[in-house]
2 protein chains.
Amino acid sequence: MKKLRIAIDMDDVMANTSKKLLQLHQTLFGSNWQPEDFKGLGFQELIKVEEYQVVRDKIFDVGFFADLEVLPNAVEVISYLHEHHEVFIVSAAMEFPNSLSEKQTWLGIHFPFIHWKNIVFCGDKSIITADVLIDDHEKNLVTFQGIPLLFDAIHNQTLGGYQRVHTWLEVKAVIDDLAHES
Amino acid sequence: MKKLRIAIDMDDVMANTSKKLLQLHQTLFGSNWQPEDFKGLGFQELIKVEEYQVVRDKIFDVGFFADLEVLPNAVEVISYLHEHHEVFIVSAAMEFPNSLSEKQTWLGIHFPFIHWKNIVFCGDKSIITADVLIDDHEKNLVTFQGIPLLFDAIHNQTLGGYQRVHTWLEVKAVIDDLAHES
């Protein structure tokens, strides 16, 4: 089995950031959208641009990142990948100055097995080199020189051209295949 | 002229971290070493390991990174490189949890032209891909796949095997050469 270097994004890959944004949208605009409502739709078919701007501004608030839920099976699978491969957490945290210490603390609570050497807070992810990048944003995947995996999220439903992974159990299966192919 | 992607370390490359450490050593142990005293010497010929451990623990204190001096000509030359190339600041800040916001603020004060997209706080720098890496530590240069430049510092005087740059004006000349050669 080949040992792979795997870079993993945080928001909407490890942490359920969208859930918190939908809750904020509900509070601010009285909506009641659930993640499954976005299936196959463009994000802006349900969330108006001007409303999203208002919600997105809240990401800059102190505390936004502190209490995000962990996505299902993320802990077990990332722990498994960490045992068999080389895992780096790569978050574009620089956009949100308050997020740095909150993200550090969040990782320490939920993923204490990740060493500080394996955490990267950056902006433009084209500076990252690894075998695999698991991310929910095209802007991060498009410049990546390794194997890009698109983590399914409510805002990327209509994006094509990437291998899409829907759950952490699916990520595990894909990585196991890659490691045995290599 | 080729546009290069240049990754630049912070401590002892942009910021005069050693100066502050020597000042702390002076306060704690009554020494009076100046940077030029280390010329050609192993660091531990002047600073005892057990004393260095005491000084180094201070790096974890709140405020350590906030007031570091900028190294001579760093602002002008990095500004010049930023105009002609693609500059990323890459600091192994994760080791010092308090340093993240202090380093962000420090960059904003002294290098306001550096966009958040071009700042990377990491641990193990082998995850970084660029054409040139300017760093004072062998551990960061040894895994780098591009052109490594060793920035002269009091702790790396006996390190061989890398092109050594002593000042920011020398960095400018080396990068100009690389850009015209390429």
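In chain A of this predicted model, helix α3 (residues 74-84) packs against helix α6 (residues 168-181) at an angle of about 20 degrees, with the axes 9 Å apart. Axes here are lines fitted to C-alpha atoms, for helices over the stretch in contact, and angles run from 0 to 180 degrees between N-to-C directions. Helices are DSSP runs of H or I with at least four residues, numbered from the N terminus. α3(A) and α6(A) are therefore roughly parallel to each other. Angles under 35 degrees count as roughly parallel, over 145 as roughly antiparallel, 65 to 115 as roughly perpendicular and the rest as oblique.

The α3(A)/α6(A) crossing is left-handed. That label applies if the near helix is turned anticlockwise from the far one by less than a right angle; clockwise gives right-handed. From α3(A), the residues A74(A), V77(A), I78(A), Y80(A) and L81(A) meet W168(A), L169(A), V171(A), K172(A), I175(A) and D176(A) of α6(A). Contact means heavy atoms within 4.5 Å. By class, this contact has nine nonpolar, no polar and two charged residues. Ala, Val, Leu, Ile, Met, Phe, Trp, Tyr, Cys and Pro count as nonpolar, Asp, Glu, Lys and Arg as charged, and the others, Gly among them, as polar.

Now to another pair in chain A. The axes of α1(A) (residues 17-29) and α2(A) (residues 49-57) come within 10 Å and cross at roughly 115 degrees. That makes α1(A) roughly perpendicular to α2(A). The crossing is right-handed. L21(A), L24(A), H25(A), L28(A) and F29(A) of α1(A) meet E51(A), Y52(A), V54(A) and V55(A) of α2(A). Seven nonpolar, one polar and one charged residues make up this contact.

Chain B has its own α1 and α2. The axes of α1(B) (residues 17-29) and α2(B) (residues 49-57) come within 10 Å and cross at roughly 115 degrees. α1(B) is thus roughly perpendicular to α2(B). α1(B) passes α2(B) in a right-handed crossing. L21(B), L24(B), H25(B), L28(B) and F29(B) contact E51(B), Y52(B), V54(B) and V55(B).

Next, the chain interface. 20 residues of chain A contact 20 residues of chain B. The two chains bury about 2,000 Å² between them, 65% of it on carbon and sulfur atoms. Buried area is the accessible area (1.4 Å probe) that two parts lose on being put together, summed over both. M94(A), W116(A) and I127(A) supply 33% of the area that chain A buries against chain B, more than any other three residues.

Residues are numbered from 1 along each chain as its sequence is written, chains are lettered from A in the order in which they are written, and side-chain values use heavy atoms, without hydrogens and water. Local features need pLDDT of at least 70, side-chain atom pairs count only at pLDDT 80 or more, and totals for chains, interfaces and linings use all residues.

Methods: Helices (H or I, at least four residues) and strands (E, at least two) are DSSP runs, numbered from the N terminus.
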